Amino acid sequence: MKALGIAVAVVLVSGTGVAAYTVYDLASSYATENTVELEEQVVVPPDIGAIEGGVNLFVAGTDACEPEFAAIFGDRCSGADSEGELNDVNMLVHISDAPRRVTVISFPRDLMIPIPSCDRGDGSTSSAMSKQPLNSAFYAGGGADGGGLSCVVKTISQLSGQSIPFAAKVTWGGVINITDAIGGVDVCVQGGISDPLAGLFLPDGISTVSGTQALAFLRTRKGVGDGSDLGRISNQQQYMSSLAKKLVSENVLSDPSTLYRLATVAIDNITKSSSLTNPLTLVQIALAIKDVPFSDIVFVQYPVNGDPDDPNKVVPNYAAADQLWAALEANAPIELTGKAGANGSVVDVTPTEEPAPEPTTDPNATAAPTEAPAQDAAVLPNSISGSTAAQTTCSVGNLG
């Protein structure tokens with residue numbers, strides 16, 4: 001989502017009269033810094049229009065112990081668990097072909113799946129593994145200095161059957177810096193949160209979180225729902241929905257100075273695939289998503305079952321997942337029947353709309369043209385939890 005934000009920023013900065021040098025400076029920095037190669041290559045059309053067809057972009061959030069932030073994370077960055085960098089957040093962003101829709105699929109870090117053999121970036125390859133947690137793929141692929149991001153993308157592509165030509169990685173420190181740059185995000189909590197492990201303490205109601213507090217909100221497990229990783233994913237989706245609303249409703253994307261600051265910070269805090277280094281590609285992706293309504297921005301969790309070999313892990317629910325992939329293939333509106341949040345972590349508090357008054361009939365009025373019938377929605381099974389950006393959701397805190 002952060003990479004998509006940069007794409008939108010580049011388009012809108014260039015369209016609001018900011019000096020051409022500013023756009024060139026941002027594009028040049030973005031094209032040369034923090035770049036990795038994916039095994040899959042992509043060719044985009046050489047024009048300024050929206051990118052053609054559907055787009056899949058993968059976003060990983062990793063628990064890197066960067067020196068300037070390591071002290072914040074306690075044992076994770078100083079104890080026995082401090083070795084290695086893991087992909088703890090895994091999201092596939094699917095942008096459909098016309099009519100444009102955006103679906104964000106979150107995959108649990110503890111999802112037990114096959115990890116393929118990966119190019120580690122140093123001339124060696126990792127061994128394929130038949131059943132490992134998803135969050136081990138980044139480390140298995142060589143980590144930040146090797147093919148870590150590429151290995152995670154390859155793993156998700158193999159699981160989903162989706163082609164994924166674009167990818168980006170954001171570290172804990174990157175989240176802190178980016179949320180500071182956008183001025184924080186409003187989050188809703190029912191009952192309040194007290195989670196000393198994550199360093200998060202929030203009262204009942206609406207709070208604006210930024211910097212380390214925003215990261216703590218995204219990391220918390222014990223503070224919401226039943227304390228599971230599945231509950232944490234729903235909490236993260238509430239945050240992302242609120243972020244999308246802020247960028248639009250508060251006109252953040254129409255303020256050149258804010259955009260420049262956001263893009264500059266994001267450039268310094270994102271590792272991206274080489275397929276995203278062409279500024280034209282960023283423009284094309286941005287043009288594809290700029291008019292998508294909130295009701296067609298959908299956040300879902302990849303469906304899972306309990307792992308019979310380990311009560312602390314989960315395995316794919318392939319039957320339900322097949323229905324999700326079929327809905328994306330058909331580019332149909334998605335109808336969610338599952339709860340807004342998994343494991344009691346998030347509730348839907350969208351205000352009920354008053355019914356519209358019955359229109360009066362004017363006998364002299366000209367009949368309106370008949371509209372084309374709406375496309376049938378793809379009804380997902382209730383084993384797939386999620387919500388749209390048009391809904392209002394609140395996290396269920398552990399103090400409620």
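Start by selecting Pro303, which sits in the loop between β13 and β14; helices here are DSSP runs of H or I with at least four residues, strands are runs of E with at least two, and both are numbered from the N terminus. This is a predicted model, where local features need pLDDT of at least 70, side-chain atom pairs count only at pLDDT 80 or more, and totals for chains, interfaces and linings use all residues. Residues are numbered from 1 along each chain as its sequence is written, and side-chain values use heavy atoms, with hydrogens and water left out.

Stay on Pro303. At 1% relative accessibility Pro303 counts as buried (buried is under 20% relative accessible area, exposed is over 50%, partly exposed is in between, with a 1.4 Å probe and protein chains only). For a distance check, click the C-alpha atoms of Pro303 and Val314: they are 9.6 Å apart in space and 11 residues apart in sequence.

Next, select Tyr302 and Trp325. The whole structure has 3 aromatic pairs; rings of Phe, Tyr and Trp (its six-membered ring) pair if their centres lie within 6.5 Å, with planes under 30 degrees apart called stacked, over 60 edge-to-face and the rest tilted. The ring centres of Tyr302 and Trp325 are 6.4 Å apart and the planes are at 35 degrees, so this pair is tilted. Tyr302 is in the loop between β13 (297-301) and β14 (304-307), while Trp325 belongs to helix α11 (residues 318-330), so the pair ties together parts 23 residues apart in sequence. Both Tyr302 and Trp325 are buried.

Follow α11 onward to Asn331, in the loop between α11 and β16 (334-335). Asn331 isn't a glycine, yet its phi is positive, about 50 degrees. Asn331 is buried, at 13% relative accessible area. Then hop to Asn343, in the loop between β16 and β17 (346-348). Asn343 also has a positive phi, near 60 degrees, but Asn343 is partly exposed, with a relative accessible area of 33%.

Now colour helix α6 (residues 172-181). Of its 10 residues, 8 are buried, so α6 is largely enclosed by the rest of the structure. Among the buried ones are Trp172, Val175, Ile176 and Ile178. After α6 comes Gly183, with a positive phi near 80 degrees. Zoom in on Trp172: the charged end of Arg219 sits over its ring, 4.3 Å from the centre (the test is NZ of Lys or CZ of Arg within 6 Å of the ring centre and within 35 degrees of the ring normal).

Arg219 leads you to a helix pair. Show α7 (residues 211-219) and α8 (residues 229-249), which pack at about 135 degrees with axes 8 Å apart. In α7, pick Ala214, Phe217, Leu218 and Arg219; they meet Arg232, Asn235, Gln236, Gln238 and Tyr239 in α8.

One last stop: Pro99, in the loop between β3 (87-95) and β4 (102-107). The peptide bond from Ala98 to Pro99 is cis, with omega near -5 degrees.

Zoom out to finish. The chain has 11 helices and 20 strands, and 53% of its 400 residues are buried.

Terms used: Axes are lines fitted to C-alpha atoms, for helices over the stretch in contact, and angles run from 0 to 180 degrees between N-to-C directions. Contact means heavy atoms within 4.5 Å.
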